[in-house]
Amino acid sequence: MDDLRVHALEGVMLCIPEGYEKLLKIHSSSTEESQVYVISPVHEGPLCLSGLLESAKKKDEILWSSLEQSQLAWLDLSSKLNIRDEIVSSLIRKGFEDMEDILRSVWLLEDISESTLKYFASLTSYYLALIASAYFNSNGITASLIAADKAVRQKSFTRGATFIYGDLIQPKIKVLSHEGESEYTACLCAVNAGGALTFWNNRSLLCTARKKDIPSAKVIERLSFAEATELSFFGAPIVHPHYFIPAQSQGIPIELKFWGDITSKGTIITDKKSVQDRRFPIKAFSVMRDISIINIEGAGMSGIPGISSRLFTALRREGISVILISQASSEYSICFAVPSSQVTMAAACARYEFESELNNHQIGSISAVSNMAILAAVGDVMSGQIGVSGKFFSALAKAGVNISAIAQGSSERNISAVIRECDSLKALSQVHASFFLSAQTMSVGVFGPGNIGGTFLNQIASEKERLQDQFGLDIRIRAIASSSRMLLSEEGIDLSKWRELFEVASQEYDLNKFLAHVGSEYYPHSVLVDCTTSNELASMYSRFLEKFHVITPNKKAATGSYSYYKEMFETCKRTGKRFLYETTVGAGLPVINTLNDLIQTGDEVKKIEGMLSGTLSWLFNRYDGTVPFSQLVLQAKEMGYTEPDPRDDLSGMDVARKTVILAREIGLDVELENLNITSLVPDKLKDASKEEFLSRLSEMDDEIYTKYKEAKDRGEVIRYVGRVDNGKCSVSLESFGANHPFASASGTDNVITFVTSRYVESQPLVIKGPGAGREVTAGGVFADLLRLAIYIGAGIL
Ligand SMILES: NC(=O)C1=CN([C@@H]2O[C@H](COP(=O)(O)OP(=O)(O)OC[C@H]3O[C@@H](n4cnc5c(N)ncnc54)[C@H](OP(=O)(O)O)[C@@H]3O)[C@@H](O)[C@H]2O)C=CC1
Ligand SMILES: N[C@@H](CC=O)C(=O)O
């Protein structure tokens with residue numbers, strides 16, 4: 001068992017009775033025999049005493065009633081803790097009598113000396129220590145009080161509790177007005193008396209990112225002093241390194257704990273360099289907001305010694321704190337970041353310093369940009385590990401975050417990027433997920449909860465948890481829209497009951513609202529899944545791809561005009577967004593991806609031939625004249641094989657679209673209008689409404705029977721085929737003998753053959769399987785979503 005632990009506490013923690021109860025719990029659960037509590041002064045609230053001095057200086061009559069109220073507040077705290085020790089109240093009263101004398105002289109002199117200010121502050125720390133020791137004693141724990149200046153010289157402390165108060169010891173360079181007040185004294189006590197150290201903060205546990213920004217951020221268990229130094233600079237809940245130098249120099253580990261959650265183990269800072277798992281090179285990410293950058297540019301700076309030195313000397317003279325510096329090796333420009341509150345002064349200071357260089361154009365411009373943030377990644381294990389910064393920057397690129405400046409120290413323990421403040425949350429959540437510190441989250445909006453869309457939502461519902469646990473992929477379906485209603489949810493729709501929610505909680509459909517919701521800034525990756533057959537939505541993909549990834553089984557966009565088709569891919573190239581549409585041909589079959597593999601590996605595709613309609617395949621496989629064709633069409637619709645309007649299948653249009661998609665995939669500039677399409681839909685039903693067409697379906701029965709009979713008599717079967725051959729596309733209704741591969745297709749089979757340089761005519765590459773249906777198609781859309789997840793960096797194998 002260690003003998004001694006020294007705790008650094010903020011005075012404010014002990015301004016309410018619950019604070020003492022917490023402290024008692026901490027004491028009782030600690031293993032060390034001697035516990036030392038260094039208590040910092042109170043700087044705000046009813047127990048703070050510095051306001052009295054201000055009133056005295058201003059000769060404000062309110063002083064006397066405030067003095068009385070203040071005394072009552074202190075006595076009240078002690079009585080609420082049931083402290084019966086008369087000495088405590090009489091010492092508090094005595095302190096107030098002394099204060100009254102001092103306040104009278106401040107009143108007369110209208111001046112507050114530094115030592116008076118310190119005395120009033122240290123009195124609060126004394127009172128807290130006094131009350132705490134009385135409270136501990138009344139709870140059967142031996143407790144005593146020692147003034148800080150004496151405590152730091154002690155080689156040992158008595159068993160039980162010791163409370164240290166007063167004018168706490170400060171390092172020579174103080175950082176922020178009230179930072180580290182108890183920590184430095186605690187360090188000195190621990191170093192001198194050989195004890196362990198705990199710093200209690202009132203802000204939060206130290207996590208891999210700020211919890212407010214990334215709710216799934218985890219507590220960091222261990223940290224090296226060097227990492228702690230980097231993180232403290234970037235605003236993590238650790239005091240400035242100046243305050244823990246004594247402990248660091250003696251290799252005394254420091255526990256960082258959070259007063260709001262005293263049972264958490266918190267973080268241990270040690271002098272050991274982190275040797276954690278190299279798969280997790282980053283310990284934590286931090287964001288500093290409200291930053292401005294100043295850029296100094298000019299050809300005349302190259303190779304001129306002393307420019308940087310003059311700049312930073314001038315800035316230091318003005319007390320401007322430079323947070324980050326980045327200079328191109330060409331020395332053509334220097335960029336540095338400062339807090340926005342200092343940017344005007346910093347820019348003026350730089351202009352003043354380089355006035356003559358500006359006048360003679362050695363320096364072209366000195367410009368400032370505000371509303372920036374610094375995103376920093378910190379970790380010992382980054383050092384020497386190839387690819388960490390690459391991953392960091394590519395993660396930012398995938399999230400569409402522009403980087404204005406970069407800095408990486410040669411220790412390789414910190415990479416910092418200056419980005420726009422409005423991108424900071426999105427950037428943080430992307431890099432945090434990319435280094436597997438939290439799940440890779442996608443904000444997904446689904447258009448069209450019909451056959452395919454609805455099945456897709458059900459499939460996600462059943463796999464969501466597993467994907468999150470196994471691969472850290474967090475798919476959040478945050479919006480669902482039909483043509484008239486939409487359901488939005490901030491955290492993600494509960495997919496176990498999405499249908500009921502859509503019924504009862506949906507609102508009127510508003511596309512702009514839908515897009516703004518799915519694309520909300522917090523999420524680094526926003527995805528639109530279009531499971532409609534809407535032309536209107538398809539015509540907006542190019543616009544969507546500016547900001548969203550698009551996944552769709554809807555064939556309309558990929559078969560729109562060739563210029564629009566090109567435009568979508570140009571947008572993708574520019575924005576880094578993905579357009580995935582595997583299910584537009586062959587439903588869940590791997591047709592487009594296979595074709596792409598052939599092309600990307602240098603194969604030459606000479607001919608594509610396919611039975612591309614699952615519906616027509618099923619109809620002609622089923623039809624034998626016993627059940628009317630029209631009835632089978634209704635069954636196919638019921639089973640989710642047909643297009644929302646079955647005329648799209650029966651007219652050959654669906655096959656034509658798929659043929660065009662395949663042709664374009666191999667680089668052919670083809671337009672749908674140029675295809676000759678044989679339609680099975682009688683002319684008289686072409687322009688009827690969908691409802692009328694369905695009610696008059698039987699009018700096509702005779703003609704189909706004739707076609708069927710003619711083929712049958714030849715010993716053949718009817719198939720609808722799409723072809724891309726010799727640079728030309730065609731679709732046709734044909735009949736095939738029993739030996740043809742198309743004749744052996746059953747059910748909703750699609751059969752697609754590729755003849756290429758590698759897969760010759762006599763032995764083509766053949767893809768065969770169900771080419772329509774809810775489950776297979778929705779599964780294909782889901783697979784596209786997972787492909788996208790891999791692209792954005794999810795660790796799916
Ligand atoms: N069935 C299959 O096997 C395959 C289908 N596909 C494609 O999948 C897509 C969907 O087909 P399927 O699920 O059968 O069709 P459904 O008719 O079952 O569903 C379509 C859905 O889209 C909604 N919708 C229509 N217009 C809009 C709009 N402008 N905005 C938002 N929602 C809209 C409809 O809502 P509302 O009720 O308001 O009209 C409905 O919920 C089609 O493009 C089809 O070509 C691709 C491969 C295979
Ligand atoms: N209706 C289509 C569905 C797939 O695209 C078909 O039958 O093939």
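Domain bounds here come from an automatic or database domain assignment.

## Domains

The assignment gives the protein domain 1 (4-202), domain 2 (284-422), domain 3 (440-586 + 781-791) and domain 4 (602-771). The centres of domain 2 and domain 3, taken over C-alpha atoms, are 38 Å apart.

## Model and conventions

This is a predicted model, in which local features need pLDDT of at least 70 and side-chain atom pairs count only at pLDDT 80 or more, while totals for chains, interfaces and linings use all residues. Residues are numbered from 1 along each chain as its sequence is written, chains are lettered from A and ligands numbered from 1 in the order in which they are written, and side-chain values use heavy atoms, with hydrogens and water left out.

The protein averages a pLDDT of 94 (the predictor's confidence in each residue, from 0 to 100). At least 70 is reached by 98% of the residues. Where pLDDT is low, the predicted coordinates should not be read in detail. The model has an ipTM of 0.99 and a pTM of 0.73.

## Ligand 1

Ligand 1 has 26 residues around it (near means a heavy atom within 4 Å). I452, S483, T532, E643 and G773 come nearest. By class, the shell holds ten nonpolar, 14 polar and two charged residues. Nonpolar means Ala, Val, Leu, Ile, Met, Phe, Trp, Tyr, Cys and Pro; charged means Asp, Glu, Lys and Arg; the others, Gly among them, are polar. Domain 3 and domain 4 both give residues to this shell, so ligand 1 lies between them.

Polar contacts are pairs of N or O atoms within 3.5 Å. A polar side-chain atom of S483 is 2.5 Å from an oxygen atom of ligand 1. For K555, a polar side-chain atom lies 2.9 Å from an oxygen atom of the ligand. A polar backbone atom of A481 is 3.4 Å from a nitrogen atom of ligand 1. Alone, ligand 1 exposes 910 Å², and the protein buries 81% of that (Shrake-Rupley method, 1.4 Å probe).

## Ligand 2

Ligand 2 is surrounded by 13 residues. The closest are G614, T615, E643, D649 and K658. In the side chain of T615, an N or O atom is 2.5 Å from an oxygen atom of ligand 2. The side chain of K658 places an N or O atom 2.8 Å from an oxygen atom of the ligand. A polar backbone atom of Y641 is 2.8 Å from a nitrogen atom of ligand 2. On its own, ligand 2 has 250 Å² of accessible area, of which the protein covers 94%.

Conventions:
Polar contact = N/O pair within 3.5 Å; in protein donor to acceptor, adjacent residues only side chain to side chain.
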